[in-house]
Amino acid sequence: MSESPNNAGWISRLLAAPKNSLAKTLLVPLIVSLLSAVLVAGAAISLRPQYQLNQEHNRQQNILAAADLLESGKSTEVLFGQVEARVVDLSTGDYATDIDLAMLESAQRSRDPSMRVSVPKELDAAVIKERSRYAVVYLLYETDRLKLIILPVYGYGLWSTMYGYVALEADANTIVGLRFYQHGETPGLGGEIDNPKWQKLWRGKKIYGTSAEPLIEVAKGIVARANDGSDAYQVDGITGATLTGHGVTNLLRYWLGAHGFGPFLQKLRANDETIQ
Ligand SMILES: Cc1cc2nc3c(=O)[nH]c(=O)nc-3n(C[C@H](O)[C@H](O)[C@H](O)COP(=O)(O)O)c2cc1C
């Protein structure tokens, strides 16, 4: 492509201009900014696959951590390989037959409206407004017997939506662990939901009493031993973070309740063979 005489004149005039001319003073930072923008954009694009891999690794680690399945010296991939992912239709509590994991992930990425339902205000304890019709549950079997159930949960705390996993024993009623892998609560206050000492308090806590309504909650302050057994459903509150604690209670009660995984868990609890 030949340069037009006008362009050539403009370029040679610029090159001939003194170093401290206005044109050269503006041109240098402009070129540096353009080059930096190209470099940053290039790095972001080339690192994206690695970023997605790291995110997936982190998610798998949290699923394993919630279920207390992490073992030092064993890779996350190997340990996660034992876990079976299945898609559940939340309205019936059955395993979905018309949609697989890849289809669900693609629908969730595109937020396909036909795959979403709104959460009625009176049921929306987790403050999520809408959710996917289907959810992925993670199951661990030991010699063909269900051993652990791991469920994704999320909901609003004080400042942010908190995303995590809750792991249950095969009775679909006893908690093994709760882990949040993403939230924006204040470090040292609501952020203490990541404190291993607090995380340990969940082990062995019960979700349901005699009805299908979840009773599990984060208490205000330390849980006192109760003669009526109500302490089995309570976990100590975090000092100075009562509001994040309420958020944790609310999101668990939503996701373990009738509009969340309730129907699925009730079928497991009733040992309903049709679900297996
Ligand atoms: C800057 C700032 C950040 C806070 N972050 C949190 C938080 O992440 N979670 C929370 O529950 N409370 C947080 N609080 C405190 C709440 O406003 C509220 O006082 C607290 O939840 C009440 O808990 P308590 O009854 O245990 O004191 C924060 C307060 C301030 C001033």
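1. Where does Gly157 lie? Gly157 lies in the loop between β6 and β7, where helices (H or I, at least four residues) and strands (E, at least two) are DSSP runs numbered from the N terminus. The model is a predicted one, in which local features need pLDDT of at least 70 and side-chain atom pairs count only at pLDDT 80 or more, while totals for chains, interfaces and linings use all residues. Residues are numbered from 1 along each chain as its sequence is written.

2. Gly157 is buried, with 25 other C-beta atoms within 10 Å. A residue is called buried if 20 or more other C-beta atoms lie within 10 Å of its own, exposed if 12 or fewer, and partly exposed in between, with the C-beta atoms placed from the backbone. Leaving aside residues up to four places away in sequence, Gly157 touches Met162, His183, Glu185, Gly190, Thr244 and Gly247; two residues are in contact if their C-beta atoms, placed from the backbone, lie within 7 Å. Gly157 and Gly191 are 34 residues apart in sequence, and their C-alpha atoms are 10 Å apart in space.

3. The ligand is surrounded by Leu158, Trp159, Glu185, Thr186, Leu189, Gly190, Thr239, Gly240, Ala241, Thr242, Leu243 and Thr244, a residue being near a molecule if its C-beta atom, placed from the backbone, lies within 6 Å of it. This shell divides into 5 nonpolar, 6 polar and 1 charged. Here Ala, Val, Leu, Ile, Met, Phe, Trp, Tyr, Cys and Pro count as nonpolar, Asp, Glu, Lys and Arg as charged, and the others, Gly among them, as polar.

4. Helix α6 (residues 242-255) has 14 residues and reaches 20 Å from its first C-alpha to its last, close to the 20 Å expected at 1.5 Å a residue; the expected span is 1.5 Å times one less than the number of residues. Because 10 of its 14 residues are buried, α6 is largely enclosed by the rest of the structure. Among these buried residues are Thr244, Gly247, Leu251 and Trp255, and what covers the buried residues of α6 includes β6, β7 and β9 (217-218).

5. Helix α2 should span 66 Å with its 45 residues at 1.5 Å a residue, and its end C-alpha atoms are 61 Å apart, which agrees. At Arg48 the helix α2 bends by about 45°, and a proline, Pro49, follows within four residues; the bend is the angle between axes fitted to the seven residues ending at a residue and the seven starting there. The helix α2 is hardly covered, since the count of buried residues among its 45 residues is 4, and these are Asn62, Ile63, Leu64 and Ala66. The buried residues of α2 pack against α3 (76-80), β1, β5 (134-142), β6, β7 (161-169) and β8 (175-182).

6. The domain assignment, which is automatic or from a database, gives domain 1 (1-81) and domain 2 (83-275). The contact between them takes 9 residues from domain 1 and 13 residues from domain 2. On the side of domain 1 that touches domain 2, the largest share, 6 residues, comes from helix α2 (residues 22-66), and the residues of that side divide into 5 nonpolar, 2 polar and 2 charged.

7. Helix α7 (residues 262-269) has as its buried residues Gly262, Phe264, Leu265, Lys267 and Leu268. These buried residues of α7 pack against β1 (83-89) and β6 (145-156).

8. Several residues with a positive phi deserve a look. Just after α7, Asn271 takes a positive phi of about 55°, and α2 is followed by Asp68, whose phi is positive, near 55°. Arg111, in the loop between α4 (101-110) and β3 (116-118), has a phi near 50°, a positive value in a residue other than glycine, and with 10 C-beta neighbours inside 10 Å Arg111 counts as exposed. Ala172, placed in the loop between β7 and β8, has a positive phi of about 55° although it is not a glycine, and with 21 C-beta neighbours inside 10 Å Ala172 counts as buried.

9. Ile222 lies in the loop between β9 and β10 (234-235). With 9 C-beta neighbours inside 10 Å, Ile222 counts as exposed.
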